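Please consult the sequence and the structure while reading the points below.

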Amino acid sequence: MNLLGDEVRYAMQLLRRHGRRLALVFVGLLLPLWAFAELADEIHEQEAIVFDEPTLHFAHAMAREGFDRFFVLMSKLGYGWGVVPFDIALVIVLSATRRFREASFAAIALGGSALLNLAAKPAFARDRPALWDSIAPETTYSFPSGHAMGSMTLACVLVLLVWRTRWRWPMVALMAPFVALVGLSRVYLGVHYPSDILAGWAFAIAWVVAVYLVVYRANGRQRMADQHDA
């Protein structure tokens with residue numbers, strides 16, 4: 001009984017000390033990886049995902065001239081006109097203000113996400129949807145969506161950077177609709193299946209959380225080592 005009681009007390013102390021980190025690992029790493037793995041397995045087996053084509057047809061039925069302009073703009077902001085230059089500017093500003101840990105986190109998360117997407121697309125080699133002629137056609141592979149990964153990666157990086165400040169919920173409120181609209185734009189334009197978007201989001205969340213845990217944990221250990229040596 002004493003041994004069992006000691007184990008329970010130790011487990012409770014562990015949860016009190018590292019509960020938030022464990023929750024982050026579960027919600028931000030394990031669940032997104034599971035979701036991505038489920039989608040990737042369906043793509044690898046060349047199985048049709050039940051919600052893909054119905055959602056595309058629903059999005060196409062919304063087509064209007066005003067929507068065309070809006071979603072083309074959102075698609076461009078989700079990559080070359082917005083996310084990519086903002087990524088570069090963020091790393092430069094963090095470095096220039098000597099916030100080197102934050103700059104390292106952002107650079108690894110943002111740059112690594114882009115490289116992972118470039119590697120994943122030919123690995124799965126999923127063709128783009130061809131249900132109608134898109135007004136903004138794409139020629140590369142479809143899975144996972146680079147726009148979805150890039151926008152979600154940036155959103156997660158910004159939220160984690162300000163998480164311990166009063167700006168965390170305003171940042172969530174700002175980035176959540178942006179990420180959603182970028183993803184919707186790719187479906188509306190007919191250049192991605194919804195599963196491409198979901199996979200991109202899941203992969204991005206898991207990657208950013210993994211980088212965050214490594215960079216900030218490693219930094220904390222280095223500080224402890226420096227204090228011990230001093």
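**Helix 5 and its surroundings**

Helix 5 (residues 100-124) has 25 residues and spans 35 Å from its first C-alpha to its last, close to the 36 Å expected at 1.5 Å a residue. The expected span is 1.5 Å times one less than the number of residues, and helices (H or I, at least four residues) are DSSP runs numbered from the N terminus. The model is predicted: local features need pLDDT of at least 70 and side-chain atom pairs count only at pLDDT 80 or more, while totals for chains, interfaces and linings use all residues. Residues are numbered from 1 along each chain as its sequence is written, and side-chain values use heavy atoms, with hydrogens and water left out.

- Among the buried residues of helix 5 are Glu-102, Phe-105, Leu-110, Asn-117 and Lys-121; buried means under 20% relative accessible area, exposed over 50%, and partly exposed in between (1.4 Å probe, protein chains only).
- Ala-125 follows helix 5 and has a positive phi, near 50°.

**Salt bridges**

- The structure holds four salt bridges, a salt bridge being a side-chain nitrogen of Lys or Arg within 4 Å of a carboxyl oxygen of Asp or Glu.
- Arg-126 forms a salt bridge with Asp-52, with the closest N and O atoms 2.9 Å apart. This pair links distant parts of the chain, 74 residues apart: Arg-126 lies in the loop between helix 5 and helix 6 (146-161), and Asp-52 in helix 2 (residues 52-61).
- Arg-126 also forms a salt bridge with Asp-196, the closest N and O atoms being 2.7 Å apart. Asp-196 lies in helix 8, so this pair ties together parts that are 70 residues apart in sequence.
- Shared partners join Asp-52, Arg-126 and Asp-196 into one network of salt bridges.
- Arg-126 counts as buried because its relative accessibility is 13%; Asp-52 is buried at 2%, and Asp-196 is buried at 0%.
- Arg-69 forms a salt bridge with Glu-65, the closest N and O atoms being 3.1 Å apart. Both residues lie in helix 3 (residues 65-77), four residues apart, about one turn of the helix, and both are exposed.

**Charged surface patches**

- Glu-38, Asp-41, Glu-45 and Glu-47 form a negative surface patch; patches consist of residues with over 30% relative accessible area and no salt bridge, like charges being joined within 9 Å and nonpolar side chains (Val, Leu, Ile, Met, Phe, Trp, Tyr) within 5 Å.
- Asp-41 belongs to helix 1 (residues 2-44) and counts as partly exposed because its relative accessibility is 41%.
- Arg-20, Arg-21, Arg-164 and Arg-217 form a positive surface patch.

Definitions and conventions:
Areas by Shrake-Rupley, 256 points an atom, 1.4 Å probe, with all protein chains shown as cover. Lys, Arg positive; Asp, Glu negative; His and termini not counted. Charge placed at Lys NZ, Arg CZ, Asp CG, Glu CD. Helix = DSSP H or I, 4+ residues; strand = E, 2+ residues; numbered from the N terminus.
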